[in-house]
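Subject: Structure for you to look at

Hello,

Here is the structure I said I would pass on. Please open it first, then read the notes below with it on screen.

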Amino acid sequence: MNKRIKFVSAVFLAVSIAASLLTGCNSGADTASPGTSTGESPAAKSKPVEITWGIHFQAAGVVNDSEIQKWLEQKFNVKIKPVKVTDASIASGEVPDIFMLGDPANVAAYQNQGVLMSIDPNMLKEKMPEYYTDIEKKSELFQTVTIDNKLWAIPMFIDLKPYDLGMLWRKDWLDKVGIGKVPETLDEFEKAVYAFAQKDPDGNGVKDTYGLTGTATSTWSSGFYSIFGAFGVEPTMWMERNGQIVNGSIMPETKEALAKLRQWYADGVIDPEFITDTQDSYRKKLYNNRIGVIEEQISKGALPESSTVKEMQALNPDAKLVFAKNPKGPGGDGSWDWGVKSNFIVIGSKVQDQPEKLEKLFEILRAESSDEETINMTSLGVKGTHWDFAESGAASGATKFIPGFEKQEQRDQLGIRLFSLGNITTQAYRDKYSNPALNEAIKATSSAPRWTDALLFSSLPSDGKYKKDLTSLMQKYFAQIISGEIPLSDFDTFVAEWKAKGGDELTKEANDMYQNQFKK
């Protein structure tokens with residue numbers, strides 16, 4: 001209860017002195033603390049605008065009348081109804097005024113249902129000038145959510161991507177099997193994973209270790225992305241080859257990668273449970289002395305304070321980890337990657353007939369993208385109460401949550417994250433609040449800038465007819481080929497089946513989209 005009282009005092013104090021908290025993230029006086037409540041402004045005396053707000057899609061559920069909700073309501077003179085957005089809720093007609101989507105395919109699906117408002121790019125430029133200056137430098141993102149020559153979402157961008165994948169090795173295992181150099185090439189990778197499977201790196205005298213595992217139900221498979229990347233392909237991605245767009249799952253190099261994985265499985269190097277493993281279970285297998293290397297996000301594995309490293313220390317304190325680049329093979333080095341694409345903000349179609357509400361939404365959007373106070377409150381909470389800079393006395397750089405608020409569910413109860421709009425922040429804000437050490441790790445280990453979908457994962461017109469079934473077809477064939485259930489030659493059967501069951505049609509659409517929207 002005391003924490004709640006302290007929070008209430010802090011947030012309302014923040015409102016009363018909002019103007020003094022503004023920083024260089026804002027470009028002029030007219031951007032200062034939109035809707036700040038002083039008790040005297042006309043906005044404060046007018047009737048609050050009612051907004052139905054789709055909470056952050058990763059949040060487990062709605063928390064009504066949270067402290068952050070109250071803070072937003074007072075600051076912007078609005079009345080918020082928070083709702084959880086699902087396909088079922090949208091289908092039933094419960095469309096929020098504003099919400100976030102994770103993928104262009106989601107935007108396309110909801111646009112097709114007629115529940116979204118098209119967005120005039122000139123309005124973005126006028127209403128969100130600070131953010132627009134940044135996002136127009138990545139103009140290809142607008143193409144991912146442009147349908148029938150209209151823009152249907154506000155794209156977000158990622159610059160330095162902590163989600164990029166590298167290799168997290170059991171360094172103590174490498175030492176135990178006599179490998180002093182962290183593997184850099186595919187040949188060195190192969191030597192290490194064979195040693196992990198054959199030389200008893202955990203020292204228990206039992207043959208119960210493997211080199212690596214995967215997650216065969218993933219799209220495609222965590223654990224094997226880097227191996228496909230070493231051959232120059234990524235299944236499920238549309239890839240450009242000599243001016244043409246082809247699907248990574250059917251390329252000849254994919255067959256070469258499958259042959260390598262098939263041999264490793266036959267030799268006992270790949271955990272036979274890879275078909276049923278999940279991202280959670282394969283991390284635990286690293287912790288619990290079953291495998292010696294995993295693919296991991298840079299933010300989770302590259303620094304001493306990274307979450308996977310800390311989890312290892314808690315469960316297996318004698319183990320040592322080291323982070324490295326993806327192995328370099330005949331096709332280079334790389335892994336599955338989002339590219340510059342992040343999430344998307346959409347506005348419900350009914351808002352187009354409510355100009356006062358639309359104006360208010362853009363007032364909030366501008367603040368959530370360029371006003372430091374608003375961004376911090378909705379994503380971090382109150383400085384000194386819920387978070388602080390990682391280094392004592394710092395005014396910029398990495399942040400940390402204070403004990404009592406380190407778990408996301410604890411922050412969600414206060415509304416922190418529920419009303420955050422994620423990566424819609426300006427570059428200036430990111431530069432101030434990013435972790436320099438993590439940025440350097442990304443630059444040093446990521447091979448992702450060369451690895452992303454040629455269409456930035458845009459939705460094709462016929463995806464709804466074919467994509468799900470083709471993905472399942474690929475997963476079935478790949479798992480069976482790797483495990484030896486069917487011969488490697490059946491890859492050619494898969495390619496023919498993939499093409500006949502809609503792949504050829506999707507390939508034509510992918511090339512049309514590339515020529516019309518993405519080719520530079």
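Which kind of contact joins the side chains of Tyr477 and Glu497? They are joined by a polar contact, with a distance of 2.8 Å. Please keep in mind that this is a predicted model.

Tyr477

Tyr477 is part of helix α22, which covers residues 463-483. Its relative accessibility is 8%, under the 20% cut-off, so Tyr477 counts as buried. Leaving aside residues up to four places away in sequence, Tyr477 touches Ile486, Asp490, Thr493, Phe494 and Glu497. For Thr493, the separation along the chain is 16 residues, and the C-alpha atoms of Tyr477 and Thr493 are 9.3 Å apart.

The mean pLDDT of the protein chain is 90, and 91% of its residues are at 70 or more. Residues 1-44 have a pLDDT below 50. This stretch still has 67 contacts in the model beyond near neighbours in sequence. Where pLDDT is low, the predicted coordinates should not be read in detail.

Helix α4

How many of the 10 residues of helix α4 are buried? The count is 8, and the helix, residues 67-76, is mostly covered. After α4 comes Asn77, which has a positive phi near 55 degrees.

The sheet with β7

An open sheet is formed by 3 strands in the order β10-β7-β11, with antiparallel pairing. The edge strands, β10 (293-297) and β11 (321-324), each pair on one side only. On average, neighbouring strands of this sheet are turned by 35 degrees against each other, direction ignored. Strands of a sheet pair through backbone hydrogen bonds, either parallel or antiparallel.

Strand β7, residues 165-170, pairs with β10 over 5 bridges in the antiparallel sense. Opposite Trp169 stands Val293 in β10. Which helix lies across β7 and β10? That is helix α11 (residues 186-198), running at about 40 degrees to β7.

Regards

Key:
Residues numbered from 1 in each chain as written. Predicted model: local features only at pLDDT ≥ 70, side-chain atom pairs only at ≥ 80, totals over all residues. Heavy atoms only, no water. Helix = DSSP H or I, 4+ residues; strand = E, 2+ residues; numbered from the N terminus. Buried < 20%, exposed > 50% of the residue type's maximum accessible area, 1.4 Å probe, protein only. Contact = heavy atoms within 4.5 Å. Polar contact = N/O pair within 3.5 Å; in protein donor to acceptor, adjacent residues only side chain to side chain. pLDDT = per-residue confidence, 0-100. Pairing = 2+ DSSP bridges. Axes fitted to C-alpha atoms, helices over the stretch in contact; angles between N-to-C directions.
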